[in-house]
Amino acid sequence: MRSGGAWPSLCSRRAENGKTAMTSEAGKPNSKDEAAAGAPPEFLIRLEHVSKRFGRHTVFKDLSLGFRRGETTVVLGASGVGKSVLLKLILGLLEPTRGRIFVDGSEITHLSERQLVPVRKRFGMVFQGAALFDFMTVYENVAFGLKEHTDLPEGDVRRIVKQKLALVDMDGTQNLLPEQLSGGMRKRVGLARAIAMEPEVILYDEPTTGLDPVTADTINDLILRCQRELRTTGIMVTHDMASAFKVGDRLVLLYEGEAIADGRPDEIRRHPDVRVQRFITGNASLTAAPKT
Amino acid sequence: MKLTAPIAAVGRAAIDQVGDLGNFAVFTAQTFAWIFTDLTRWRLLRPVLYEVGVLSMPVIIFTGAFVGMVLAVQSYFQFDALGRASWSGAVINLSVVKELGPVLAGVMIAGRVGGALAASLGTMKVTEQIDAMRSLGADPIRHLVVPRFVACFVLIPFLTIYCDFVGILGGYFVTWGYGVDTYEYWQHSASVIENWDVFTGVLKSCFFGAAIALISCYKGFQSRMGAEGVGRAATEAFVVSFMAILLLDFFIVLLLQGIYDALWGRVAIFV
């Protein structure tokens, strides 16, 4: 699938790490850049004692969380708990009030916009409302990153765009404007745009929100397909439990700015905390976790 | 605590304003940095040139024509009472070229283009399109602000010249309707209006264009969430641009008058 670049080395790293050791332990404090130490860090992305405030409103108090390479982590939480903020912190779109963020062992917390460009090229993000550029066609949207960061001839760009759109079953829509697409189609084009540069990590911000169950499931299948074919690390934030259990290798539940549960889907299903059970069952009147 | 609350509120507001001014200065510096390091691409510029230039033409023609016509009605009767109706041409055309053309064209563009720029960028912000651009490793100032700035800076002088032209024609047709001699009308106008007057009007409009683009784009980027936030950004873009036009007009006129005096000395229009 990949034509070159960082992909072979990513494959080998992924093969070494595998999908083992899904622990609930967050990243350990480390004052030095881990990349300089030689060995690949345990976590591809790590948040260390991160707090984030907007004015007087505190979103995260002291959040420490790590994301392993090759793993798809689903971050769950109620509306307004800071799930989207978490993704924007990871991508450097927001700066934490306190704490540090590492990507592949290098600290990105206080990097400038220009310094962040190489980091962001390793990521693809699917936004909640797709966030397609409304003054560009589908083709121009998907080709945006390629034209910005590569000198590929137009023919190659067209071929890559066609390939990515085909992956999300949207080939043939190249000349349409975003306003001519339905919500589900926009999300698919958003996914195609996110994978166009073949990133190592894909961030999904509530990819199934606002979609009917069948379309939502189609999106889930597309995400799994992309993960399988591109073999990327995924971080999805959602409150859609069906989507979370289908896509996630690991689930994390945020509650009042803290990660109160972290584990494999089967571990989360059996989690003893009543707040976790309330969330995953959608039963607000639950007073105790069911015995397993 | 209660006694100090109003003072604290004033202090907070002052700090916010100073902070906002600082952010605007950084925003302006980033825009200029992109202009000088990476000239804007034709692909990005073309649609904005069309939006700012072509689509503003009807508003500019309408404004220019009526400004000239109203001035003609106002001045004709005054000069006619003095028995010098043909002198009205000098006043009408000088007013249009030096002051009313550039300022009113600027104000109309601040309303039409500035509001639209702030609203479109504000909508892009609240729909996360600006974040999406940043997430793709692209600078939104380079892609969204620089083309709009260049379009306003380059095209507003041309629109001002159009406004002047239509205003002069509008004034002429009204005075012609009142029976003013055509030859004397243009003769008096030509004897009073200098190249310097036309130049100052056009020069001012370049600054107005730059101010409209920077203020409107900044307001769009600072837009708060929701439809109300975008609406407020568009309104603020117009109001602040309008104030900036008047402020710039005063200081540029002061400066240019000083330069004129130094170069050619003081000249009375009617002697």
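Contact here means heavy atoms within 4.5 Å. By that criterion, residues 24 or more positions apart account for 64% of the contacts in chain A with a separation of 6 or more. The model is predicted: local features need pLDDT of at least 70, side-chain atom pairs count only at pLDDT 80 or more, and totals for chains, interfaces and linings use all residues. Residues are numbered from 1 along each chain as its sequence is written, chains are lettered from A and ligands numbered from 1 in the order in which they are written, and side-chain values use heavy atoms, with hydrogens and water left out.

Chain A contains ten helices and ten strands, taken as DSSP runs numbered from the N terminus (helices H or I, at least four residues; strands E, at least two). Of its 292 residues, 54% are buried; buried means under 20% relative accessible area, exposed over 50%, and partly exposed in between (1.4 Å probe, protein chains only).

In chain A, the axes of helix α6 (residues 183–195) and helix α7 (residues 213–230) come within 10 Å and cross at roughly 15°. Axes are lines fitted to C-alpha atoms, for helices over the stretch in contact, and angles run from 0 to 180 degrees between N-to-C directions. The angle makes α6(A) roughly parallel to α7(A), a class that takes angles under 35 degrees. The two helices touch through the residues below.

| Helix | Residues in the contact |
|---|---|
| α6(A) | A:G184, A:K187, A:R188, A:L191, A:I195 |
| α7(A) | A:T215, A:I219, A:L222, A:I223, A:C226, A:L230 |

Seven residues of this contact are nonpolar, two polar and two charged. Ala, Val, Leu, Ile, Met, Phe, Trp, Tyr, Cys and Pro count as nonpolar, Asp, Glu, Lys and Arg as charged, and the others, Gly among them, as polar.

Helix α3 (residues 113–120) of chain A has A:L116, A:V119 and A:R120 buried. These residues cover an arc of only 90° around the axis, which puts them on the same side of α3(A); the arc is that of the directions from the helix axis to the C-beta atoms. The buried residues of α3(A) pack against β4 (98–103) and β6 (123–126) of chain A, together with α5 (129–135) of chain B.

In chain B, helix α1 (residues 5–37) holds B:T31, which counts as buried at 0% relative accessibility. Apart from neighbours within four places in sequence, B:T31 is in contact with B:I141, B:V145, B:V146, B:F149 and B:L214. B:W264, in helix α9 (residues 226–264) of chain B, counts as exposed at 51% relative accessibility.

Note on methods. Parallel < 35°, antiparallel > 145°, perpendicular 65-115°, else oblique.
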